[in-house]
Amino acid sequence: MKNILLIGGSYGIGLELAKELQNDCKVYLASRTNENLSGLNVIHITYDATVDTLDTSMLPAVIDGLVYCPGSINLRPFRGLKLETFESDMQINFFSMIKVVQSLLPQLTASEQSSIVLFSSVAVKMGMPFHTSVAAAKGAIEGFAKALAAEYAPKIRVNVIAPSLTDTPLAEKFLSTDEKREKSAQRHPLRRVGTTEDIAQMASFLLSEKSSWISGQIFPVDGGMSSLLVNG
């Protein structure tokens, strides 16, 4: 049975992924709270990615899969953004992830072939107004993932999922009314916003043996937004 570590996962995509994996893998979930984990077959570790150092002694000697879930959505005009906003987005999305990956290299390389799954955004490929800060942080993730995948092949596979707007607590303010939800849905060729299941199922695939010949890739899971024109 594979050992999978989810950083974040007490809500949203991470929580859905924990549900997806719990019957087939031994799931370790490091997050600030365990309030949504009742009844799940996971081992919880209290951990705040923004301030804590991960205690790797609480984890097994071999980690077969790592998923880093924490992120941010700061959408504001560039002229009003302070440097601190860029630093904050880089910290939660990128620098904290770097600390985790570096600390876990011994366990990841101890696996026959481990898989790291990271999250970017459709805004990196498309270029969207008001996304300068989050797109910069997510763009750093994409570049890092490809370089890391090259450096550690074939021992560690590294892939990135780039979603469009997904119905999670983090995106709640953008989907808080029926009007907002419908407007967001119509921006996508597939005429709906993403669900946590959409993203978790892709992450589950990238952690599995079914993707054992895939590494260094960016996967848009975005309702067609990044590659298809909306008709009408």
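**Helices against a parallel sheet**

In this predicted model, helix H1 (residues 12-21) packs with helix H6 (residues 196-207) at an angle of about 55 degrees, their axes 8 Å apart. That angle makes H1 oblique to H6. The crossing of H1 past H6 is right-handed. On the H1 side, the contact is made by Gly-12, Ile-13, Glu-16, Leu-17, Glu-20 and Leu-21. H6 contributes Thr-196, Glu-197, Ile-199, Ala-200, Gln-201, Ala-203, Ser-204 and Leu-207. The residues of this contact divide into seven nonpolar, four polar and three charged.

Now turn to the sheet. Strands of a sheet pair through backbone hydrogen bonds, either parallel or antiparallel. Here the pairing is parallel, in an open sheet of seven strands with the order S3-S2-S1-S4-S5-S6-S7. Strand S3 (42-46) and strand S7 (218-221) stand at the edges. Each has a single partner strand, so one side of each is left without a neighbour in the sheet. Neighbouring strands are turned by 20 degrees against each other on average, direction ignored.

Strand S4 (residues 65-68) and strand S5 (residues 114-119) pair in the parallel sense over three bridges. In this pairing, Leu-66 stands opposite Ile-116 in S5.

Helices pack on the sheet as well. H1 touches strand S1 (2-7), strand S2 (25-31), S3, S4 and S5. The direction of H1 makes about 165 degrees with that of S1. Helix H4 (residues 132-152) lies across S5, strand S6 (156-163) and S7. H4 runs at about 160 degrees to S6.

Conventions:
Residues are numbered from 1 along each chain as its sequence is written. This is a predicted model: local features need pLDDT of at least 70, side-chain atom pairs count only at pLDDT 80 or more; totals for chains, interfaces and linings use all residues. Side-chain values use heavy atoms; hydrogens and water are left out. Axes are lines fitted to C-alpha atoms, for helices over the stretch in contact, and angles run from 0 to 180 degrees between N-to-C directions. Helices (H or I, at least four residues) and strands (E, at least two) are DSSP runs, numbered from the N terminus. Angles under 35 degrees count as roughly parallel, over 145 as roughly antiparallel, 65 to 115 as roughly perpendicular and the rest as oblique. A crossing is left-handed if the near helix is turned anticlockwise from the far one by less than a right angle, and right-handed if clockwise. Contact means heavy atoms within 4.5 Å. Ala, Val, Leu, Ile, Met, Phe, Trp, Tyr, Cys and Pro count as nonpolar, Asp, Glu, Lys and Arg as charged, and the others, Gly among them, as polar. Two strands pair if DSSP finds at least two bridges between them.
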